[in-house]
Amino acid sequence: MKLEYDILIIGSGAGGGTVASRLIPLAQAGARIAILEAGAHYDKSFFTQREIEMLDIFKDRGAWPVADGSITVSTGKAVGGSTLMYTGVTFRLPDDVCEDWGVDGITPQDLNPRFDRLLQEVNAIEPDEATFENDNNRLFREGCEKLGFPVDKLLINIKDCEQMGFCNLGCAKGHKQGTLEVQIPLAQKGGIEIIPNCAVDRIAKGKVFATINAAPKGSLPGKLAEGNYEFSVKKIILAGGTAGTPAILMRSGFQKELPAIGKYITLHPALVVCGIYPTKIKNYKGFPKLYFTQAFSKTHHHYLETAFYYPFIQTKHTGLWGADLKYAMKHYNNMMDILILAHDEALPENKIMLDKNGEPQLHYKLTQKNIESLCHAQVQCARIFFAAGCEEAIVPSAKKALFKKSEIEDKYLEEFISTKYFVPNKTPVASAHLQGGCRMGNDAQTSVTNAWGQVHGHDWLHIADGSLFPKSSHVNPYLTIMALAERVAEDVKKSL
């Protein structure tokens with residue numbers, strides 16, 4: 001079947017949703033615009049907070065593995081993209097990181113006013129401690145303060161939050177202000193269509209080739225029937241993320257002229273480590289993330305953030321097996337968690353490739369610097385746990401992953417937790433912050449787009465997602481994606 005549009009946006013996450021909301025004036029002036037989303041369209045009533053039921057909102061049920069299986073990646077596959085299952089942690093791109101990116105036009109002076117607007121738009125607030133601080137957050141703060149680590153509050157994009165705790169499974173009340181709740185409803189009211197269950201295979205100038213699949217049970221059906229479609233279009237904006245956007249470009253043959261497609265991936269290698277408190281604590285209610293420390297960002301290249309996870313994924317994070325795992329999970333109500341986010345380097349060998357079925361496959365190797373950063377962070381986490389009053393810790397890169405405070409003196413922790421105990425494919429490294437793959441720049445041999453997201457040599461094609469990042473953002477990336485997407489929308493409006 002053939003359909004005609006003026007603009008098609010492929011993807012509905014932080015990038016696609018923001019672009020759509022900025023193109024409303026064009027839609028109101030008569031332009032026919034649609035968002036094509038490979039995933040389903042769910043109403044907030046779908047989000048039951050039951051883990052098994054909610055895993056279909058993730059690509060590969062939340063554990064998309066890199067090629068060698070050493071890291072699992074969590075990324076969204078539904079209307080709203082990864083803003084469905086993030087916790088709403090909101091960071092501006094640090095000025096020094098922005099300057100290190102070295103992209104002409106991408107400056108703090110350009111981005112900071114955008115961040116100001118977006119922070120208001122998504123209602124990013126600093127949650128009140130008296131209301132939102134559960135024991136998990138409190139113990140992190142107290143442990144850091146005792147050790148002299150600076151503690152900063154996180155900004156969270158929530159409105160009327162009821163503190164149900166399992167934000168990563170989708171907000172059952174619609175209080176998390178992701179694109180499903182903010183930008184996409186605005187776009188729909190402005191005349192922009194949403195076409196869910198629409199898997200884009202390839203593109204060409206003036207053409208998008210896609211398949212509409214059946215709407216999953218419990219989702220909102222789209223207006224188009226199942227089948228193959230050929231869309232005729234004047235402008236295409238790819239916003240399928242670091243996994244989806246490079247894959248579409250490669251299936252469409254662009255890598256011959258743009259060899260950087262898919263390369264220079266960063267993903268904030270992450271570990272979740274656990275402390276076991278002597279009594280039950282409030283950890284699974286309240287807001288999961290309130291605080292972070294950047295005490296070691298410059299020296300050892302990592303952030304530590306508060307976090308807490310639902311039981312099934314918690315078992316994966318521990319890295320334990322058998323009797324130790326059974327013991328740990330019996331103490332789930334006593335656990336506190338810390339999330340480690342390492343700053344990784346953008347390397348050409350870390351890349352998206354296509355598998356034999358034409359689907360994206362992520363090839364990524366941790367460097368020795370990454371491993372050293374993750375192990376240093378685990379030492380600091382153990383210190384925080386014990387300073388906060390925990391009697392046991394679960395630290396994957398320790399000589400003994402589950403150990404008591406009484407078993408090791410503080411001065412020996414750096415020997416007890418070290419790189420020699422970091423075992424690839426056993427240490428449960430994960431990621432939820434895919435970045436890069438279609439990096440911005442001036443040279444078509446080493447980048448894919450210019451600073452406005454326009455693909456080199458193709459004025460009809462833009463990119464508006466995290467694949468634009470030339471290097472790691474060092475922080476949770478969604479606000480930066482939105483700011484870059486706003487720039488893309490401005491360029492598209494100018495060109496039309």
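Here are legends for a few close-up views of this predicted model.

**View 1. A look into the second largest pocket.** This pocket holds about 350 Å³ of space. Its lining is made up of 19 residues, and those closest to the centre are Val97, Asp100, His301, His343 and His474. If you sort the lining of the second largest pocket by residue type, you get five nonpolar, six polar and eight charged residues.

**View 2. Where the lining of the second largest pocket comes from.** Two elements, helix 4 (95–101) and helix 10 (297–300), each give two or more residues to the lining. Helix 4 provides the largest share, with four residues. Now zoom out to the domains: domain 1 (2–51 + 74–123 + 168–263 + 437–495) and domain 2 (129–155 + 270–343 + 367–423) each supply at least three residues to the lining of this pocket.

**View 3. Helix 5 packing against helix 15.** To describe two packed helices, you give the angle between their axes and the distance between the axes. Helix 5 (residues 108–121) and helix 15 (residues 478–495) pack at about 110 degrees, and their axes lie 9 Å apart. Angles of 65 to 115 degrees count as roughly perpendicular, so helix 5 is roughly perpendicular to helix 15.

**View 4. The residues where helix 5 and helix 15 touch.** From helix 5, the contact uses Asp110, Leu111, Arg114, Phe115, Arg117, Leu118 and Leu119. Helix 15 brings Leu479, Thr480, Met482, Ala483, Leu484, Glu486, Arg487 and Glu490.

Key:
Residues are numbered from 1 along each chain as its sequence is written. This is a predicted model: local features need pLDDT of at least 70, side-chain atom pairs count only at pLDDT 80 or more; totals for chains, interfaces and linings use all residues. Side-chain values use heavy atoms; hydrogens and water are left out. On a 1 Å grid over the protein atoms alone, a cavity is a set of points where a 1.4 Å probe fits but cannot get out, and a pocket is an open set with protein on both sides within 12 Å along at least five of seven lines; lining residues have an atom within 4 Å of a point. Grid points are joined across faces, edges and corners, and a volume is the space filled by probe spheres set on the points. Ala, Val, Leu, Ile, Met, Phe, Trp, Tyr, Cys and Pro count as nonpolar, Asp, Glu, Lys and Arg as charged, and the others, Gly among them, as polar. Domain bounds come from an automatic or database domain assignment. Axes are lines fitted to C-alpha atoms, for helices over the stretch in contact, and angles run from 0 to 180 degrees between N-to-C directions. Angles under 35 degrees count as roughly parallel, over 145 as roughly antiparallel, 65 to 115 as roughly perpendicular and the rest as oblique. Contact means heavy atoms within 4.5 Å.
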